[in-house]
There are 2 protein chains.
Amino acid sequence: MKQKKIEKRRYYGHQVAWFILLFIASTWQTSAKDIEKWRIFELSLSAEVQGNPFCDVQLSARFFHEDDTVEVMGFYDGNDTYKIRFMPEKEGKWTYQTLSNVRKLNRKKGQFNCTPAQAGNHGPVVVTDTSFFSYADETPYHPFGTTCYAWVHQPENLIRQTLQTLSEGYFNKIRFCIFPKHYDWNKNEPPLYPFEGQAPKAWDFARFNPAYFRHIERQIATLDSLGIEADLIVFHPYDRWGFSDMGREADDRYISYLVARLAAFKNVWWSMANEFDYMKNKADEDWTHYLEKFASEDPYGHLKGIHNAVRLFDHNNPHITHVCIQSPNTENGKKLRAQYRKPVIFDECRYEGNVPWTWGNLTAREMVHKFWTGITNGAYVGHGETYITEMPRKSPFESDDVLWWSKGGTLHGQSHTRIAFLRKLVEGAPGYLRPAPSLTSWMNYPVVSHGEDFYLLYFGFDQACQQIIHLPQGKRYRIDVIDTWNMTVTPLNGTFSGTTLVNLPGKPLIALRIQKQTNDHE
Amino acid sequence: MKQKKIEKRRYYGHQVAWFILLFIASTWQTSAKDIEKWRIFELSLSAEVQGNPFCDVQLSARFFHEDDTVEVMGFYDGNDTYKIRFMPEKEGKWTYQTLSNVRKLNRKKGQFNCTPAQAGNHGPVVVTDTSFFSYADETPYHPFGTTCYAWVHQPENLIRQTLQTLSEGYFNKIRFCIFPKHYDWNKNEPPLYPFEGQAPKAWDFARFNPAYFRHIERQIATLDSLGIEADLIVFHPYDRWGFSDMGREADDRYISYLVARLAAFKNVWWSMANEFDYMKNKADEDWTHYLEKFASEDPYGHLKGIHNAVRLFDHNNPHITHVCIQSPNTENGKKLRAQYRKPVIFDECRYEGNVPWTWGNLTAREMVHKFWTGITNGAYVGHGETYITEMPRKSPFESDDVLWWSKGGTLHGQSHTRIAFLRKLVEGAPGYLRPAPSLTSWMNYPVVSHGEDFYLLYFGFDQACQQIIHLPQGKRYRIDVIDTWNMTVTPLNGTFSGTTLVNLPGKPLIALRIQKQTNDHE
């Protein structure tokens, strides 16, 4: 019941909800015999082992359900503790047995009962209908994501503030880096490091720091409680610690460790990289290898993407589940979805902000425009915000500002509320929205539809006072004029059919929502 | 002196100036012995001739100046009157002698003295420095034009209103059609027709209506008095009278008549067509022929262009003096000027307005943006305005509104004042502005410069609060922040050199004017 309430409130930014959610998040580590579908069964085992427990101990478990067998890897969590995490995808009785080269960890058996998913638990996000997403329970999922690259590497009070902001319900996905980030406005040391050793560069890549990953998975669990997918960036180039260039063997160990620890979280997505093409020490074949490794080790087949700087990775690769693209040209959504036959997310299309870098100086209006343009071209778009408010003295790159895009915190812009408004419109559609034949002449304004039942038609910055639109004959439609900036929905009087003249407000950022009359008897 | 005063006032829209100018315009038909350089010497001859005076009478004159000879054609002006018009381009004594197959018109001799150009008379516009324009006296000319396709075909009081608006000095060029136009908001009959006959289609293409052309040339003369170039559209497709498809022989006769009557006006440009590619009865070889015909018959070599709808004509044609293009993408100016090595004018880049046609529903901000984008890419841009103010009842295309773009009248928009502001900045530069190497990193914002002395750098809709720019080393610059929308010029404190950080207002439509310190002694 708690869960259901939260779900309903998701959009409305209640200030208290996230405390409750943090509490829920803290309860996922359970050893109860009943495990809810798509939540985590965790087995914790103790053993004192000589040598390197990360490398020398092999541990996995097989989970059995009727004719199904799922094998998952275990991981070392420090303090002589080994763990196995498993996300059951089927209800009913599951049994398991461990396998290990350490006797104390080997042949451990047990069972649990997988109970039905409760309200608000829709399972992991999967690709459906070629170019769309749904949750595993077939509830449609439309990504409206944001980016906070290094938010998990900030002090606890700032993380709390970020989660508070995220709890306000603007977004249902967030991109962030597993590794800390070194870049303008991202120069602070992280509170923890992923490996044993000494900053800046004296790391033992063969020994993970379990506390580091425990900290991250706590955030992932909280995001899940907020209904937010965690789009995890595995590698990225903005690095002063050497994590971007550890070599193939260490990379592989890191990937296996991530999968073993995190794959059981239903809201995890794997993003191979942020700006893969800026990582000069990794070749295309390395990325292909990582994709294959995730595909072979992740038993749940979480979504996998790879984000580019200037060159799009070959998205024909069958392990890439969706096109995650950096490009300001969200009008290309229609082309990309047709080309790759995968869902398309413009995860980075420049950010709303005012920094001296041109990827971060969009007005809110331009950001909103990019979202509407993407959506009405059959794609999805990602948000980010880069506002400097403190006027810097010497270099703008060294200000103490907390930019949402890097550290999280609070939102200063004006686009996120409009994005949430758009999200509500999309989620309110009777089904998935596909690029539709033009409803206009001369200039083909972008339009998506659900069959002939529902249309979203977007006029961008144009300001016509009237528009002729061509609706299907023999059906009657109600038309709402959408002011995408002022977030108003104004129904037009009467119903419409065939070629019809629509009065518009004569200003920019206007869209139409066109819905077939529900009491239609034709 | 009168002329000089008017020149100074051009930008400031005095309400009385154009009455004076109309008076001046009415005085160009002179037979005085002194003819000012680049003004019109006109010889008027009488003869009663049997047959068709337009076709059967051959009349020309040779004008001699020292070693020069210029031959110009005469034309029949009705009432047994034949005229020869000549624009002397050299000072001093000119003699002439007529040639005709009619004895009464043949071997007429005379002379006149060409006096120096007075203030405000800079001669016709010519191409200079590959991609620029100047007047014949080498005064730079930067086209900031508008479009009123059918303004000369409107009632006299509306023409007066249009001239009143034009006298306010926003524009120094206007595109309009010689033939009347049939199109949405352009459905009224013209007061006069170009040929003898009966509307709608019973014309004798071999007999011109001199009153029709006299009316047009009166407007051309008035435009000249206002410092406005007349970009005459010879053919266009929006026609219900048959003028767009008269056949080669009639077309040629029409062109010869135009040249004989109008070429002596220094402010005439020849635009072969509006949207040549929408005239399905004329092939590319027809347009090549027309260009050659103008080139061979016009003794002054007036500028020649050809305007497209969707397909650019082959602008390698040597008779085309400048690229007159319809395209919304004014950022392509740099590419086009490099490709064709000619001046580039985006004479139609969509219009400010609110009509249901997408070529006419730009906001003023978008229009201003297109101008700045074109200018900072080394090209020029044309204005047009299409506002419906009266709310139509049935069809938006049938309203009684007077749209500037079709009929002239008054301006209702907000871009023209900003265009005049930009024009002042360009005219205030120390010389021609060429695309310059980028002053910025990451994103190359468009920038034009005059050598290393003067730069215009434009940030478009971006809203950075600071920008690093890379100025030449060893020179000191003053920087003005230009608010292109609010039309303010705000000098920054101090002087700048090399790589420097500039504070910006953090809002869209900002540009920088960067000028070398004049008291520089390096």
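These legends describe views of a predicted model.

**View 1. Chain A as a whole.**
The C-alpha atoms of chain A fill a box of roughly 80 × 65 × 45 Å, taken along the principal axes. Chain A has a radius of gyration of 24 Å, which agrees with the value near 24 Å for a compact globule with 522 residues. Of these 522 residues, 49% count as buried. The fold of chain A has 10 helices and 30 strands. Take the contacts in chain A between residues at least 6 apart in sequence: 68% of them join residues at least 24 apart.

**View 2. The domains of chain A.**
Domain 1 spans 31-115, domain 2 spans 125-427 and domain 3 spans 439-516. Between the C-alpha centres of domain 1 of chain A and domain 3 of chain A lie 55 Å.

**View 3. Surroundings of Thr147(A).**
Thr147(A) belongs to strand S11 of chain A, residues 145-147. Thr147(A) has 26 other C-beta atoms within 10 Å, so this residue is buried; the cut-off is 20 or more. Leaving out residues up to four places away in sequence, Thr147(A) touches Arg175(A), Glu348(A), Gly382(A), Gly384(A) and Trp405(A).

**View 4. Thr147(A) and Trp287(A).**
In sequence, Thr147(A) and Trp287(A) are 140 residues apart. In space, the distance from Thr147(A) to Trp287(A) is 22 Å, C-alpha to C-alpha.

**View 5. Chains A and B.**
Chain B superposes on chain A by a rotation of 180° with 0.1 Å of shift along the axis, at an RMSD of 0.1 Å. The two copies are therefore related as by a two-fold rotation axis. Both copies use the same surface: 100% of the contact residues of chain B recur in chain A.

Terms used:
Residues are numbered from 1 along each chain as its sequence is written. Chains are lettered from A and ligands numbered from 1 in the order in which they are written. This is a predicted model: local features need pLDDT of at least 70, side-chain atom pairs count only at pLDDT 80 or more; totals for chains, interfaces and linings use all residues. Domain bounds come from an automatic or database domain assignment. Copies are superposed by least squares on the C-alpha atoms of residues with pLDDT of at least 70 in both. Two residues are in contact if their C-beta atoms, placed from the backbone, lie within 7 Å. Helices (H or I, at least four residues) and strands (E, at least two) are DSSP runs, numbered from the N terminus. A residue is buried if 20 or more other C-beta atoms lie within 10 Å of its own, exposed if 12 or fewer, and partly exposed in between; C-beta atoms are placed from the backbone. The radius of gyration is taken over C-alpha atoms; the globule rule is 2.2 Å times the number of residues to the power 0.38.
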